[in-house]
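Visitor: I'd like a tour of this model, and I plan to ask how you know each thing you tell me. Could you put it on screen?

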Amino acid sequence: MLTGSLHGNNRLIRKTILRMYPASFAAMFTVSIALMIDTLLAGAIIGQQAIAAVAIGLPAIGIFQALTQTIINGAGIKMAIFAGRGDRESLKQTYSLGLAGTTVMGIIFVSICLLLAPQLTNLLGGAKAPAAATQASIYLRASSICIVMGSINTYLGKILSLYGYQKAVFRAAVIAMLGNVVSSILIMKVLPADYTIAGLGIGTWCGGGLAVLSSLIEVKRRKIPLRFSFKDVHICQLPGIARMGISSSGNTLADNVVAGLVNNIIVSGFAGGTAALSVYTAVKGVFSFAITAVTGITTASAPLLGILFGSRDKNGLLRTVKEGYKVGLVLSVVWCAILVAALPLLERFYGMQAISQFRSGVLVCMLFMPVHLLMRIFIQMFESTEKIGMGMLYSIVPDSIIYPLLLVVLLPLLGYNGIWISYAGNAILFLLTLYLLRSIASRSLRLNMDRMLCLDKSIRDNIPELDISIHSSNTDVTGISTQMHEFLTQQNASPKTAYLTALCLEELAADFVAHTTLQGDKAAEQTIMDIKMFSEENFHRIIIRNAADAYNPLDFELDDETFSKVGIKMVQKLCRRIDYNYVYKMNIITIDVNK
């Protein structure tokens, strides 16, 4: 492989992750607070019995939201891959199909919750806590509409994230949280005492509705080039999209199904089991709060992984995994340290000042955070590279199979500590088992990164490619044509094709530089451009990625004032396909040249 002098595209990847992470983390942080709101308000306004009721009712909501997530996540992954390939038509069709599927599924699941709330809550632990089950049914019915609102908002958030507008996702999350808190408190004050808990559910979907409105406004304001069209809704393609998103949504689904089983195990394992369930729910809430540092990294990396996979960039994929883990490890350790320092405040929030098991549970869970970071990054990588089976394996086995089995064994032996070790430590047992099995199969204790990530042979094998990453300055652009010409000559391109393609692509890169330089030397030095070339069976593919504000060098008219565009005009005539797209704050030009 020929590689540019600046270590391939490491810098573009690191810069993109770091640029997108703050808003992604803030959005996940806000969402985690929103998930805790019902538990916090239940404990503060109603009492511990209400916390148990929320713990019983929430898994049903989670199960149905997880099912809609198959469409949401699958469509998001597909759209990122199509963006990486420069396939705008498929991108638009997937958007319409995903939005229609998400909405229809949400409406169906709301209807099920309204009709079958008592039966659902009994299955999820309510049968062994009758007093809490009655309140859980009321809560479930009142909050069911949030399945539709939350799913649509999450889908719109995927769109905004794909185009690099993480701050807009964060704003929607803040609006959802504030709308939830304010409306919950106001509604709880006017409801009869027996139905106070319904105010929590109504407040949840009120906040979700406001978030949907905010996201729709942002999509329109940002002029995102995606519009819903019924003619693009091809139902026959929906199973394929759902299959793409089944690993992460399957994980959420299995977690919520297992939550009912875990609730029953905990309630049965302690005298006064409802109190133990309240402590467990509180610790789980803090852990979900802590893991926002991890989900922020995977959220920031997800569109980038899809784009790199769509452009068949193996090195970019591997670097994204490594950079994501390094950045995530540092940030998650810092975030966990802050939360540990804030434990006295969290104890007051949950009303757990006199319960020592709450503090020990939080501390044990924090120790396992680096392992959860690794698991989340691997799962995201498998999803983005269409490795559905591996994604399902990593998603479901630790949390949904190993966890309850460990809990059955350790709870009688260790009590509360058995819960915490089973809950947070199941991933270690899974990874160790998988490592041993793969070591035995390969007869080596060293595992190849390509095979660990299960990359396709089409991008894993030693396929010749050119990989250059430069700053957008005239000095760095000089000489690109030489490297391009050398690569194309090695790939048996005709002398004319090699010469003209290399010369014209340098012209295209120089046009990006000229545009960036207009914003000042500092902007040019900070802007990174990534150029990748590889050979397919019948053509050479060139991908230029420029991490900067939107600028389409192909959009021009050839006149006296734009004479510098002649080289770009030559590229358009020479290639069999050239396409521009702006996604994830990157200008992406995809060029195919016949061999």
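Visitor: Which residues does S215 touch, not counting residues up to four places away in sequence?

Guide: S215 touches N153, L156, L160 and A172. Contact here means heavy atoms within 4.5 Å. S215 has its place in helix α7 (residues 198–221); helices (H or I, at least four residues) and strands (E, at least two) are DSSP runs, numbered from the N terminus.

Visitor: Why is S215 called buried?

Guide: Buried means under 20% relative accessible area, exposed over 50%, partly exposed in between (1.4 Å probe, protein chains only). S215 has a relative accessible area of 1%, so it counts as buried.

Visitor: Before we go on, what ground rules apply to the model?

Guide: This is a predicted model, in which local features need pLDDT of at least 70 and side-chain atom pairs count only at pLDDT 80 or more, while totals for chains, interfaces and linings use all residues. Residues are numbered from 1 along each chain as its sequence is written, and side-chain values use heavy atoms, with hydrogens and water left out.

Visitor: How do you know what confidence the predictor has in the protein chain?

Guide: From pLDDT, the predictor's confidence in each residue, from 0 to 100. The protein chain averages 81, and 88% of the residues score at least 70. Where pLDDT is low, the predicted coordinates should not be read in detail.

Visitor: What makes K284 partly exposed?

Guide: Its relative accessibility is 29%, so K284 falls in the middle class and counts as partly exposed. K284 lies in helix α10 (residues 273–290). Leaving aside neighbours within four places in sequence, K284 is in contact with A259 and Y423. The C-alpha atoms of K284 and W420 are 9.4 Å apart in space, with the two residues 136 apart in sequence.

Visitor: And G296, what puts that residue among the buried ones?

Guide: G296 has 0% relative accessibility, so it counts as buried. You'll find G296 in helix α11 (residues 292–310). The C-alpha atoms of G296 and P22 are separated by 7.8 Å, though the residues are 274 apart along the chain.

Visitor: What about strands β5 and β6: how many bridges do they pair over?

Guide: Seven bridges, in the antiparallel sense, join β5 to β6 (residues 586–594). Y580 stands opposite I589 in β6. This hairpin has two residues between its strands, and Y584 in the turn has a positive phi of about 55°. Five of the seven residues of β5 (residues 577–583) are buried, so β5 is also largely enclosed by the rest of the structure.

Visitor: What makes something a nonpolar core?

Guide: A nonpolar core is a set of buried Ala, Val, Leu, Ile, Met, Phe, Trp, Tyr and Cys residues joined through side-chain atoms within 4.5 Å. The largest one has 154 residues, and Y163, Y280, F358 and Y394 have the most contacts inside it. Helix α2 (residues 48–85) gives the most to this core, with 20 residues. A second, separate core of 29 residues includes I470, I544, Y551 and I568.

Visitor: Which residues does Y163 touch, beyond those up to four places away in sequence?

Guide: Y163 touches L91, I224, P225, L226, Y582, V583, Y584 and K585.

Methods: Two strands pair if DSSP finds at least two bridges between them.
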